[in-house]
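Dear colleague,

Please find below the sequence and the structure that I am handing over to you. My notes on what was found follow directly after them.

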Amino acid sequence: MNTVPAQEIKRRGIAAVDDLIAKGDLHVIRNNQPQYVVLSEERYQELLVAEQEAHYARVRESLQDLKEGRVKRGTADDLIEELKLEG
C-alpha cells in the first residue's frame, strides 16, 4: 500500500493524494504511524458490495442452520448451565 505523510497533504493539498491514489489504496502517515486510508470511489464501492455480500451469505447460512435444526432455543441461564460456567 502506498503511503503519504500528513504533512505532505497539508503542504500540497489534495494534489499529494492524486498522484499516489492512481497506484492503489493510500495510507496517510501521521506521527510515524498509519492513521488514515484513502481509497478511490471505485475501490470504496467494491468494499461496500463485498461487505453486503458477506452479510447476506451469513444470513443465508443462519437460515439454513435454522431450517436443518442446528439451532437451539433457550435462555441465557440455559446456556450458562450447558457450558458449566457457574461452579
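A residue is called buried under 20% relative accessible area, exposed over 50%, and partly exposed in between, with a 1.4 Å probe and protein chains only. By that scale Arg 43 is partly exposed, at a relative accessible area of 31%.

Please note that this is a predicted model, in which local features need pLDDT of at least 70 and side-chain atom pairs count only at pLDDT 80 or more, while totals for chains, interfaces and linings use all residues. Residues are numbered from 1 along each chain as its sequence is written, and side-chain values use heavy atoms, with hydrogens and water left out.

Confidence

The predictor's confidence in each residue is given as pLDDT, from 0 to 100. The protein has an average pLDDT of 93, and 99% of the residues score at least 70. Helices (H or I, at least four residues) and strands (E, at least two) are DSSP runs numbered from the N terminus. Helix H3 (residues 41-67) has the highest confidence, with a mean of 97, whereas helix H4 (residues 76-82) has the lowest, with a mean of 89.

Nonpolar core

A nonpolar core is here a set of buried Ala, Val, Leu, Ile, Met, Phe, Trp, Tyr and Cys residues joined through side-chain atoms within 4.5 Å. The largest such core consists of five residues, namely Val 4, Ala 16, Val 17, Leu 26 and Val 28. Two or more of its residues come from each of helix H2 (15-21) and strand E2 (26-30). Contact means heavy atoms within 4.5 Å. With residues up to four places away in sequence not counted, Val 17 touches Ile 9, Leu 26 and Val 38.

Also in helix H2 is Asp 18, which is partly exposed at a relative accessible area of 45%.

Salt bridges

A salt bridge is counted when a side-chain nitrogen of Lys or Arg is within 4 Å of a carboxyl oxygen of Asp or Glu. Eight salt bridges are found by this rule.

One of them joins Arg 43 to Glu 46, with the closest N and O atoms 3.9 Å apart. Both residues belong to helix H3 and are three residues apart, about one turn of the helix.

Arg 70 takes part in a salt bridge with Asp 65 at 2.6 Å, N to O, and in another with Glu 68 at 2.4 Å, N to O. Asp 65 has a relative accessible area of 29% and is partly exposed; Glu 68, at 45%, is partly exposed as well. Elsewhere, salt bridges that share partners link Glu 8, Arg 11, Arg 12 and Asp 19 into one network.

Surface patch

Patches are made of residues with over 30% relative accessible area and no salt bridge; like charges are joined within 9 Å, and nonpolar side chains (Val, Leu, Ile, Met, Phe, Trp, Tyr) within 5 Å. Accessible areas come from the Shrake-Rupley method with a 1.4 Å probe, and for residues only the protein chains shown count as cover. A nonpolar patch on the surface is formed by Val 59, Leu 63, Leu 66 and Val 71, which together have about 320 Å² of accessible area. Of these, Val 59 lies in helix H3 and is partly exposed at 36% relative accessibility.

Pro 34 is located in strand E3 (residues 33-38) and is partly exposed, at 47% relative accessibility. Leaving aside neighbours within four places in sequence, Pro 34 is in contact with His 27, Val 28 and Ile 29. Its C-alpha atom and that of Ala 76, 42 residues apart along the chain, are separated by 41 Å.

Asn 32, in the loop between E2 and E3, has a positive phi of about 60 degrees although it is not a glycine; Asn 32 is exposed, at 71% relative accessibility. Lys 84, in the segment after H4, has a positive phi near 55 degrees and is likewise not a glycine; Lys 84 is exposed, with a relative accessible area of 69%.

With kind regards
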